[in-house]
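User: I have a structure open and want to learn how its features get their names. Can you take me through some of them?

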Amino acid sequence: MAGRINDDDVKAVRDAVPIDAVVSEYLQLRNAGGGNLKGLCPFHDEKSPSFHVSPAKGLYHCFGCQEGGDTVDFVMKIDHLSFAETIERLAAQAGITLRYEEGGYTPGRQQGERTRLVEAHKAAAQYYTEQLESPEAVIARTFLADRGFDQDAAGHFSVGYSPAGWDHLTRFLRGRGFSDKELILSGLSQEGRRGPIDRFRGRLMWPIRDISGEVVGFGARKLRDDDNGPKYLNTPETPLYRKSQVLYGIDLAKKEIAKTNRAVVVEGYTDVMACHLAGITTAIATCGTAFGEGHIKILRRLLMDNSGSEVVFTFDGDAAGQKAALRAFEDDQKFAAETSIAITPGGMDPCDLRLAKGDQAVADLVESRTPLFEFALRHVVSRHNLDTPVGRAAALDEAAPIVARIKNSAIQHESAVQLAGILGILDTQFVVRRVSQLARWARERGRDGGPGQGRPQRRETPSAAEPQRPAPGAGGPALNLRSPAHRVERELLKLALQRPDLVSPAFDAYGADEFTAPPYAVVRQCIEEAGGATTGSADGDFLARVRDAAPDDTVRAMVTELAVEPLHTRRDPDEVYAGVQLVAVRLAAVNQRVMEIRGTLQRLGPRADPEQLTAVQNELWVLQQYGQSLRERGAAAL
């Protein structure tokens, strides 16, 4: 039976790995105020960042799709791991040795499928790297040297060599405890006549890593003329490797991409190497497939849809390169970033350019980029005979939509004027109006969600969103949990979770019935079951206990959301601000009770029992006096 990870070790792992460090491996985070960070959610498409991370609390929450949790939840969700796999991975990062109960730990039996495949790839990458130094690999070392890559360069990119025999790697990994089933599933081996054989044989090997730095596949380059396979052979689609969702070099480039707000997209593994060695450390490449939707999502999260960011594509100047550039332009509207193209001279790719003219030539290539829309515009216009009215009209029909797609309105207008000149149309304003009309129609289609929308729908930020939540166990209409009626209750609960020192001990005297929104009443009950806000002031496990007290995932997500959402104050919250929220919630509860008692008096009528009538009147008087005191004295009256 699989061993259970020791609870103390699980807690140690949660405490040891900062959530912002883990999340930053997948997306760019920026300051959101109040000690929180924000970025574009990796779990759904959005235009504005609504994914918030609270390093102090170890929690994340997306106000767009409602995903949330702690570090373990994030890794489980984004990498599709089990709980045990996630703890094992984070423990390895933190250098924590895990203890297993109920029968101990048997490597290879208790780890999940993904963890096993990752370990197989890690072992394979190390094996290939070591094989690059073997006598047989002289052909691989010569290939690298001929392209200007020395031993240090090969080491930096972990380039390796796969021996030419049938099953060298397969036997090596079997010796490491991996089963034939795992080797086939990983794509490292394939079925042969007498069992598994190596998929890659006699080739130069590039490990392909995901954005977190784990090896998920390989790219292999043919070296010998008697190799009848394709020039480049990649790992097949596996549970780890999806070529449409990986970018070669992203693990090395991601920090610089986020820092400089620029990504350079090249076509091959050696091009990435050449660019990085030439100082263009934002270079990445697709792995044997066209640049597409999955790749765009990766870059958008790193560039954070900053309008000042840029994606530069490099393509050969031949017909295939031009076709690839135009295909990239089709995806232009999926970026908030500006897109540019750098055409390599003489059909040389960046690797050839570096070898022929040096590092500076590669840097100059990127700096000589042209906006992608200009390239597309010239290409379209060149297909028409501008010497005839029919040709000019046809060129305008094709070119005007391209100009209309330009994101910057000032550049759009200027380009419309230039287009009139290029086409030889004397009525410049006619062209400008035509472009403006097309741009307006595109915006309207985007708002309506109709065809041609092009760009992702805008997601509301936490301050503007209006989440609708059903009351637990109720079949009535959903509650608007950020309506004025409930806003102050929400703010008080946020304070109790984020700054319990400011609201305790007064908060702990509040009953769940003082929170009129049923979801908030349940959260209040969770706080009480966790020991109350007073215990949270000096207890690092307070939030974890509140989340554990939640009766279901919906309430747990609500706790996470409230713990991460910024407070509605521009300055640091203090006792005065907390007091205002405490008073507002209590006063609302008092006013509600006053209304209920007045209703009771009306129902009792003049024939009511005198003793009962007096008791109700006395309660009304006491509450009215208390309400008056709260209005006049504020928190001092609590």
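User: Where is the place of Asn 261?

Analyst: Asn 261 is in the loop between helix H10 (250-260) and strand S14 (262-266). Helices (H or I, at least four residues) and strands (E, at least two) are DSSP runs, numbered from the N terminus. Two notes on the source. This is a predicted model, where local features need pLDDT of at least 70, side-chain atom pairs count only at pLDDT 80 or more, and totals for chains, interfaces and linings use all residues. Residues are numbered from 1 along each chain as its sequence is written, and side-chain values use heavy atoms, with hydrogens and water left out.

User: Why does Asn 261 count as buried?

Analyst: Buried means under 20% relative accessible area, exposed over 50%, and partly exposed in between (1.4 Å probe, protein chains only). Asn 261 has 16% relative accessibility, so Asn 261 counts as buried. Its phi is positive, about 60°, although Asn 261 is not a glycine.

User: What makes Gln 66 buried, exposed or partly exposed?

Analyst: The relative accessibility of Gln 66 is 27%, so Gln 66 counts as partly exposed. Gln 66 sits in the loop between strand S5 (59-62) and S6. Its phi is also positive, near 70°, in a residue other than glycine.

User: Which strands form the open sheet, and in what order?

Analyst: Five strands form it, in the order S2-S3-S4-S5-S6, with antiparallel pairing. Two strands pair if DSSP finds at least two bridges between them. Take strand S3 (residues 36-39) and strand S4 (residues 51-54): three bridges join them. In S4, Val 53 is the bridge partner of Leu 37.

User: Why do strands S2 and S6 stand at the edges?

Analyst: Strand S2 (30-33) and strand S6 (68-70) each have a single partner strand, so one side of each is left without a neighbour in the sheet.

User: What joins S9 to S10?

Analyst: Four bridges join strand S9 (residues 189-192) to strand S10 (residues 195-198), and the two run antiparallel. S9 and S10 form a hairpin, with two residues between them. Ser 189 stands opposite Asp 198 in S10.

User: Which residues of helix H14 are buried, and why are they on the same side?

Analyst: In helix H14 (residues 350-357), the buried residues are Pro 350, Cys 351, Leu 353 and Arg 354. They cover an arc of only 165° around the axis (taken from the directions from the helix axis to the C-beta atoms), which puts them on the same side of H14. Just after H14, Gly 358 takes a positive phi of about 95°.

User: Which residues of H4 meet which residues of H5?

Analyst: Contact means heavy atoms within 4.5 Å. Glu 85, Glu 88 and Arg 89 in H4 meet Glu 113, Arg 114 and Thr 115 in H5. The residues of this contact divide into no nonpolar, one polar and five charged. Asp, Glu, Lys and Arg count as charged; Ala, Val, Leu, Ile, Met, Phe, Trp, Tyr, Cys and Pro as nonpolar; the others, Gly among them, as polar.

User: Which residues have the most contacts inside the largest nonpolar core?

Analyst: A nonpolar core is a set of buried Ala, Val, Leu, Ile, Met, Phe, Trp, Tyr and Cys residues joined through side-chain atoms within 4.5 Å. The largest has 74 residues, and those with the most contacts inside it are Phe 51, Phe 74, Ile 250, Leu 299 and Leu 419. Apart from it lies another core, of 43 residues, including Phe 143 and Tyr 161.
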